Amino acid sequence: MDDGKASRQRKADASRELIAKARTGDREAFDTLATNYANMVIGLAFKLLGSREEALDCAQDAFVRAWENIERYDPKWSVATWLRRIVTNLALDRLRRRGGRADFSEALEGSLTSAEETPVETAERNERAEAVRGLLELLPEKYRLVLVLRDMEGVDISDIARITGTNAATVRWRLHRARALFRQRWLATSGQE
Amino acid sequence: MDCGQVSRLVTSYAAGELAADKAAEVAAHIDNCPQCAKLLEEYRLIGLVLRSSAGDAPRPDARFFRALGKRLDEVDKRKRVIPTPPIFRWHVVGSVAAAAAAVFVVVTYVLPVLSPAPLGSARNDSARSTGPIIVRVSKSPSVSPYGNPGSYVPNYPTASRSPYRSVTMPTINATDQLYDPYGLRMTMPRFYFPRQSWPIQGTNPSVSQSITRVEYEQLRSDIRQLNSRMDALEQKAKPAN
């Protein structure tokens, strides 16, 4: 087992211990869990929603819901997958309330610019960022979700299946469709097709 | 492998999700197909763009954790102030519902089957073949010791003596009259539940009845107790030889 795997395993074991304590009502254990997973939960909310403020609100909602329903946690799931499912559902609820569109302008703004770039490079990047934003906003929800979870978050296909309540074959198919749609629209917006 | 097959696998190949043997086949095709190689490059670029756009999420700061802590405190308060009453806990609700269902089945389906046959025409053991629930009357008194046939309220006087001389009947006040809608006490029935017949079908042809095995076992046990109590009473009631 390499270092990365060993470290992930240690983290998973620690999380299981913490959640076992939290299920008995140990609030401190849950606070530690929230601290450990805050980056992950906020990051996923941000990728799904595209807005910083909303991502932070959504992440708080997710932890509150997790604490309210701590006794329903199924130990067959990893803590990360359980939290991802909660935050995904909450983020999708928010998206549906505002008509299914995510706002990725903030998400792309910071990530695709760099101080060392020339103006031409920056212009190219901005152009690409515009295109990516438009594509992510326009993708149907089920495709956007698997694309974010797999290609942006790096979540395993089996975990995506649990989070989305489907099976691995469906996730693979949706991923293929999502990437193909993304490419198709990407090429269309950049005038290559 | 042709271009069509590769186009279905190339997204997974670009993301490194294919099994080794499939990946080798795709790679072999792409080496000799500029069109598919271009497709692969596009998907790799898309993957890169998506990954690079994922890196700028807000970081949780002290304010985030303070606000979260307050909200969790509120949840704690709610949990403490409004504990779930036992009646709303699922296992309690389940038990109550199961008990209610058992009572319903017994009252609705089983008791009508056990309703008394007219005096003097009670079935005997040979009637088992006509239905799994069989009522046997051990005695066929021409006059019921407990009241007039068909009457729901036994009409014997207070502290009367039964025809079985040694048994003193309980005092029945107007306020605690026996509820005996099926007249079970009038005929002193004995009940048999055949072991092998399952599910129980009632003898009333107009109603199709079945009860669960648990309810069946409970009913049989109750009736055994009833029978044994009646046996004991009869034993006492026998005139001394």
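Reader: Which residues in α4(A) are buried?
Author: First, a caution: this is a predicted model. In α4(A), the buried residues are V79(A), A80(A), W82(A), L83(A), R84(A), I86(A), V87(A), T88(A), L90(A), A91(A) and L95(A).

Reader: How many residues does helix α4 of chain A have, and how far does it reach?
Author: It has 19 residues, 79-97. From first C-alpha to last, α4 of chain A reaches 27 Å, close to the 27 Å expected.

Reader: Zooming out. How many helices and strands does chain A have?
Author: Nine helices and zero strands. Along the sequence the pattern reads α-α-α-α-α-α-α-α-α.

Reader: What share of chain A is buried?
Author: Of its 193 residues, 39% count as buried.

Reader: And what about contacts in chain A between residues at least 6 apart in sequence?
Author: Of those, 65% join residues at least 24 apart.

Reader: Pick A59(A). What does it touch?
Author: Leaving out residues up to four places away in sequence, A59(A) touches A38(A), V41(A), I42(A), A45(A) and V87(A).

Reader: Switching to chain B. How many residues are in contact with chain A?
Author: 27 residues of chain B are in contact with 34 residues of chain A. On the chain B side, α1 (3-14), α3 (34-52) and α4 (62-81) each supply at least two residues. α3(B) gives the most, with eight residues.

Reader: What classes are on that side of chain B?
Author: There are 14 nonpolar, six polar and seven charged residues.

Reader: How do α7 of chain A and α3(B) cross?
Author: Their axes come within 9 Å and cross at roughly 85 degrees. An angle of 65 to 115 degrees counts as roughly perpendicular, so α7(A) is roughly perpendicular to α3(B).

Reader: Which residues meet there, in α7(A) and α3(B)?
Author: L147(A), D151(A) and M152(A) in α7(A) meet G47(B), L50(B) and R51(B) in α3(B). By class, that contact has three nonpolar, one polar and two charged residues.

Key: Residues numbered from 1 in each chain as written. Chains lettered and ligands numbered in written order. Predicted model: local features only at pLDDT ≥ 70, side-chain atom pairs only at ≥ 80, totals over all residues. Helix = DSSP H or I, 4+ residues; strand = E, 2+ residues; numbered from the N terminus. Expected span 1.5 Å × (residues − 1). Buried ≥ 20, exposed ≤ 12 C-beta atoms within 10 Å, placed from the backbone. Contact = placed C-beta atoms within 7 Å. Nonpolar A, V, L, I, M, F, W, Y, C, P; charged D, E, K, R; others polar. Axes fitted to C-alpha atoms, helices over the stretch in contact; angles between N-to-C directions. Parallel < 35°, antiparallel > 145°, perpendicular 65-115°, else oblique.
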